[in-house]
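Trainee: Please put the model on screen. I would like to go through it by questions.

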Amino acid sequence: MRDSASAPSLSSSADQPVSTAGETTRLPINVRGLKLSLKGPAGTVDILKNIDLSIRAGERVSLIGPSGSGKTSLLMVIAGLEQAQDGTIEICGHNLRKLGEDGLALFRRHHVGIVFQDFHLVPSMSALENVALPMEFAGRTDAFERAREELTAVGLGHRMDHYPGQLSGGEQQRVALARALATDPELLLADEPTGNLDGNTGETIIQLLFDLARKRGSTLLLITHDEGLAARCDRAITMRDGVIVSTGESA
Ligand SMILES: Nc1ncnc2c1ncn2[C@@H]1O[C@H](COP(=O)(O)OP(=O)(O)OP(=O)(O)O)[C@@H](O)[C@H]1O
């Protein structure tokens, strides 16, 4: 749901229109000077150091880099699941550093879909319930009807009443994809979505992910260790040791 009227508790005062080639548009991801430190067993660790990042509407961007370079941490901050200590973090027109827990939950519900490597489905709920639940939380009265449509769109019309434990890995990721896209999110975030799948199944999921993101007009940010997959995106952002070392933009 992109209509700000549907999220009345979310301040839109942080909207920062950006002018490009004569037209005014808003960047779905506009981050400046982001710093994230977390407390580990050996003390505080600087995880993300002065990150600047802009992603345009409709772009498909991969996020690559060695293990431990900070990819998931950056995705978590952009998703509003981790709070940075410093910087400006404008995502889909909202300054995340000005939102509290409730505001961040609303922001996620209305603007962001997330797909994880290990699916993150609720095991005690059917595929249909897993997809419908976030929409019910968002106050949609047609949650179950929409969930049926979404599951059909990912080829699971015949598995709606199955529980995650009764589904293959590929089928579980289809459910997760249906759930992530059910609210027509402006931003789709994926953290190694094929990491737990075999090559053929992973390819099918990626095709679906690209296809559905394009049809919905969602901007895609995708973490991957697969160079071939990264190359299929519009550009690849490379991280190392908590900093972005390449934005993948041609000079
Ligand atoms: N909750 C936490 N507390 C302390 N340190 C953390 C925490 N979460 C992550 N880290 C550290 O932050 C660094 C970046 O981790 P992150 O998971 O973002 O890297 P990544 O690039 O996604 O790695 P991978 O490719 O292996 O998933 C790592 O050194 C990690 O150990």
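Trainee: In what order do the 6 strands of the open sheet stand?

Mentor: This is a predicted model, in which local features need pLDDT of at least 70 and side-chain atom pairs count only at pLDDT 80 or more, while totals for chains, interfaces and linings use all residues. Residues are numbered from 1 along each chain as its sequence is written. Helices (H or I, at least four residues) and strands (E, at least two) are DSSP runs numbered from the N terminus, and two strands pair if DSSP finds at least two bridges between them. The pairing in this open sheet is mixed, and the order is E8-E9-E10-E5-E11-E12.

Trainee: Which strands stand at the edges of the sheet?

Mentor: The twist averages 25° from one strand to the next, with axes fitted to C-alpha atoms and angles running from 0 to 180 degrees between N-to-C directions. An edge strand here has a single partner, so one side of it is left without a neighbour in the sheet; this applies to E8 and E12.

Trainee: How many bridges join E9 to E10?

Mentor: E10 also pairs with E5 (residues 60-64), in the parallel sense over 4 bridges, and there Ser62 stands opposite Leu222. E9 and E10 run parallel, and the number of bridges is 5.

Trainee: What is the bridge partner of Ile64 in E11?

Mentor: E5 and E11 run parallel and are joined by 4 bridges. In E11, Ile64 is bridged to Thr238.

Trainee: How many of the 5 residues of E10 are buried?

Mentor: A residue is buried if 20 or more other C-beta atoms, placed from the backbone, lie within 10 Å of its own, exposed if 12 or fewer, and partly exposed in between. Both faces of E10 are covered, with Thr219, Leu221 and Ile223 buried on one side and Leu220 and Leu222 on the other. E10 is therefore largely enclosed by the rest of the structure, its count of buried residues being 5 of 5.

Trainee: How are H5 and H6 oriented relative to each other?

Mentor: H5 (residues 169-181) and H6 (residues 199-216) pack with their axes 10 Å apart, at an angle of about 10°. Angles under 35 degrees count as roughly parallel, over 145 as roughly antiparallel, 65 to 115 as roughly perpendicular and the rest as oblique. H5 and H6 are therefore roughly parallel.

Trainee: Is Phe119 buried or exposed?

Mentor: Phe119 sits in the loop between E8 and H3 (127-137). Its phi is positive, about 70°, although it is not a glycine. Most residues other than glycine have a negative phi. Because Phe119 has 20 C-beta neighbours inside 10 Å, it counts as buried.

Trainee: And where is Asp241?

Mentor: Asp241 has a positive phi as well, near 50°. With 13 C-beta neighbours inside 10 Å, it counts as partly exposed. Its place is the loop between E11 (235-240) and E12 (243-246).

Trainee: Which element gives the largest share of the shell around the ligand?

Mentor: A residue is near a molecule if its C-beta atom, placed from the backbone, lies within 6 Å of it. The residues around the ligand include Leu38, Val45, Gly68, Lys71, Thr72 and Ser73; E3 (29-40), E4 (43-55) and H1 (71-78) each give two or more residues to this shell. The largest share, 3 residues, comes from H1.
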